[in-house]
Amino acid sequence: MPLTDRDPEAMLPLTPAVFHILLALADGERHGYSIMQEIATQTQGKFRIGPTTLYRSIKQMISAGLIVETDERPDPASDDERRRYYCLTPFGQQVALAEIRRFERAITLAHRLPGLAGWQSPLSSEGMV
Amino acid sequence: MTKRTVPPSPWIVACSIRIYRWLLWLGPAEFCREYAPSILQSFRSLCQDTYHQHGAWGVLRLWLPLSGDVVGGMLAEHLSVLQHPLVRDERRRHMLRTQRRSIIMIFLAFVLFGLPWLLFQGVIDPLSQWNPIAQAHPEVDILYRVARMAGEIAFLMLLLTLLPILFVAVKQALASLRRDILTLIGLSAIMTLVFMVVTLLVITGYWTKSFDPHGGIYAVFGFLFVGTVTITLSLAVARSALSERVLRLALWPATIMTAAMLIALVATSIESVLLTSYAPHIFGSGMSMEVVGDVVMAATIIWATVALWRGFYARQLPTR
């Protein structure tokens with residue numbers, strides 16, 4: 001079956017490593033170590049990923065059609081030619097958006113539950129929403 | 001490109017990289033071959049950055065989470081390899097099936113290409129009619145020779161494609177006592193032998209003088225030979241458990257064969273156009289046959305190219 005015909009919802013839920021790799025690649029292609037750094041930056045150091053977990057996830061994501069290895073180098077002159085760069089596929093973008101929507105639905109539900117009456121989004125407490 | 005000099009790593013970084021490299025080889029060989037250099041490169045960058053920010057103590061502290069990451073990750077990778085043998089086997093079977101089909105399609109394409117090509121080769125018959133045209137228009141003669149040579153190269157490449165495959169198929173069939181494969185290849189070999197003997201009789205003149213003055217029986221026998229060999233060898237290849245290496249290797253001479261077929265088509269097409277203006281009488285009433293021949297040859301080349309593409313990209317093709 002062509003990858004574009006696949007249902008992104010069928011890939012959910014994603015593991016934290018896969019989800020954060022998708023987010024790290026959302027603004028363009030990156031090499032392995034750059035993905036690790038971006039994940040640490042995006043999560044303020046609360047979620048770090050080791051090189052082995054990173055490449056195990058990359059292997060799974062490539063076979064699932066979420067990301068692809070690219071041949072182009074952002075800056076070939078200053079870059080190590082052995083580095084392998086990865087970028088999101090359109091299906092990978094759809095899966096990331098589907099996972100974000102799933103989180104949004106969970107947050108909406110959490111607001112309505114009486115047992116979680118005192119619950120408040122960390123984003124709203126920081127004045128971000 | 002300027003070559004960058006890499007500064008020597010501090011001992012703690014060099015030592016960590018060495019230990020990490022050893023640990024990486026705990027993983028499955030296939031995973032290590034594909035990803036170990038990249039994992040090690042990321043680990044090296046991480047160690048160097050940590051050393052510059054936090055010194056040797058920072059690198060030592062990295063080991064607490066990363067030893068679990070590498071050892072646990074490699075064991076998990078072994079588990080995933082063990083968990084999915086059925087999926088892997090199915091994918092592999094599908095890939096090999098696609099490659100075998102590609103070889104058979106290429107073989108059939110050549111057989112279909114060969115018939116109109118032989119028709120074009122008959123354009124020089126009789127020589128008394130051909131020689132004055134070839135002398136007056138040497139470019140036509142050159143094109144004829146190019147088409148002939150390209151066809152012969154294509155045939156040689158077909159042999160290079162099929163013979164190693166048949167050798168391996170026979171070897172495997174003998175080892176596993178696959179009588180069906182041995183019968184198919186045996187039938188093909190007997191038919192080839194008989195056809196060679198008959199051809200020898202035709203060449204010596206005994207066949208035509210004795211009972212087949214117009215060569216009609218020989219022509220029917222030729223079609224029978226081509227049909228039998230094509231069917232039996234295709235079935236034998238389809239039933240054999242050939243490895244990916246053997247099948248992929250066979251695709252290279254098949255690529256040259258397809259290119260030679262294309263050259264033969266271009267040469268015969270130009271030759272036909274030139275002959276139409278220089279000596280229209282040479283085709284007689286068979287001009288439409290020439291056009292049909294060109295179309296068939298072009299169709300078989302497209303067919304062979306698609307089969308080649310499927311063979312080379314069998315690994316990436318989705319399983320149904």
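User: What should I know about the numbering and the model before we start?
Analyst: Residues are numbered from 1 along each chain as its sequence is written, while chains are lettered from A and ligands numbered from 1 in the order in which they are written. This is a predicted model, in which local features need pLDDT of at least 70, side-chain atom pairs count only at pLDDT 80 or more, and totals for chains, interfaces and linings use all residues.

User: Why are α5(B) and α6(B) called oblique to each other?
Analyst: Happy to show you! Helix α5 (residues 138-176) of chain B and helix α6 (residues 179-204) of chain B pack at about 140 degrees, with axes 9 Å apart. Angles under 35 degrees count as roughly parallel, over 145 as roughly antiparallel, 65 to 115 as roughly perpendicular and the rest as oblique. The two helices are therefore oblique.

User: Which residues make that contact, and what classes do they belong to?
Analyst: Leu166(B), Ala169(B), Val170(B) and Ala173(B) come from α5(B), and Ile181(B), Leu182(B) and Ile185(B) from α6(B). Contact here means that the C-beta atoms, placed from the backbone, lie within 7 Å. By class there are 7 nonpolar, no polar and no charged residues. Ala, Val, Leu, Ile, Met, Phe, Trp, Tyr, Cys and Pro count as nonpolar, Asp, Glu, Lys and Arg as charged, and the others, Gly among them, as polar.

User: What makes α1(A) roughly perpendicular to α2(A)?
Analyst: Helix α1 (residues 16-24) of chain A packs against helix α2 (residues 32-42) of chain A at an angle of about 95 degrees. That value makes the pair roughly perpendicular. Their contact residues divide into 5 nonpolar, 2 polar and 1 charged, including His20(A) of α1(A) and Glu38(A) of α2(A).

User: Why is Gln44(A) called exposed?
Analyst: Gln44(A) has 7 other C-beta atoms within 10 Å, so it is exposed. A residue is buried if 20 or more other C-beta atoms lie within 10 Å of its own, exposed if 12 or fewer, and partly exposed in between. Gln44(A) sits in the loop between α2 and α3 (51-64) of chain A. Although not a glycine, Gln44(A) has a positive phi of about 50 degrees. Most residues other than glycine have a negative phi, and most peptide bonds are trans.

User: Where is the peptide bond that is cis?
Analyst: The bond from Leu12(A) to Pro13(A) is cis, with omega near -5 degrees. Pro13(A) belongs to the segment before α1 of chain A.

User: How do you know that Ala298(B) is partly exposed?
Analyst: Ala298(B) has 17 C-beta neighbours inside 10 Å, so it counts as partly exposed. Ala298(B) lies in helix α10 of chain B. The C-alpha atoms of Ala298(B) and Phe113(B), 185 residues apart along the chain, are separated by 8.4 Å.

User: What is meant by a nonpolar core, and which residues touch the most other members of the largest one?
Analyst: A nonpolar core is a set of buried Ala, Val, Leu, Ile, Met, Phe, Trp, Tyr and Cys residues joined through C-beta atoms within 7 Å. The largest has 44 residues, and Ile106(B), Ala154(B), Ala169(B) and Ala264(B) touch the most other members. α5(B) gives the most to this core, with 13 residues. A second, separate core of 37 residues includes Phe19(A), Leu22(A), Ile58(A) and Phe91(A).

Terms used: Axes are lines fitted to C-alpha atoms, for helices over the stretch in contact, and angles run from 0 to 180 degrees between N-to-C directions. Helices (H or I, at least four residues) and strands (E, at least two) are DSSP runs, numbered from the N terminus. Two residues are in contact if their C-beta atoms, placed from the backbone, lie within 7 Å.
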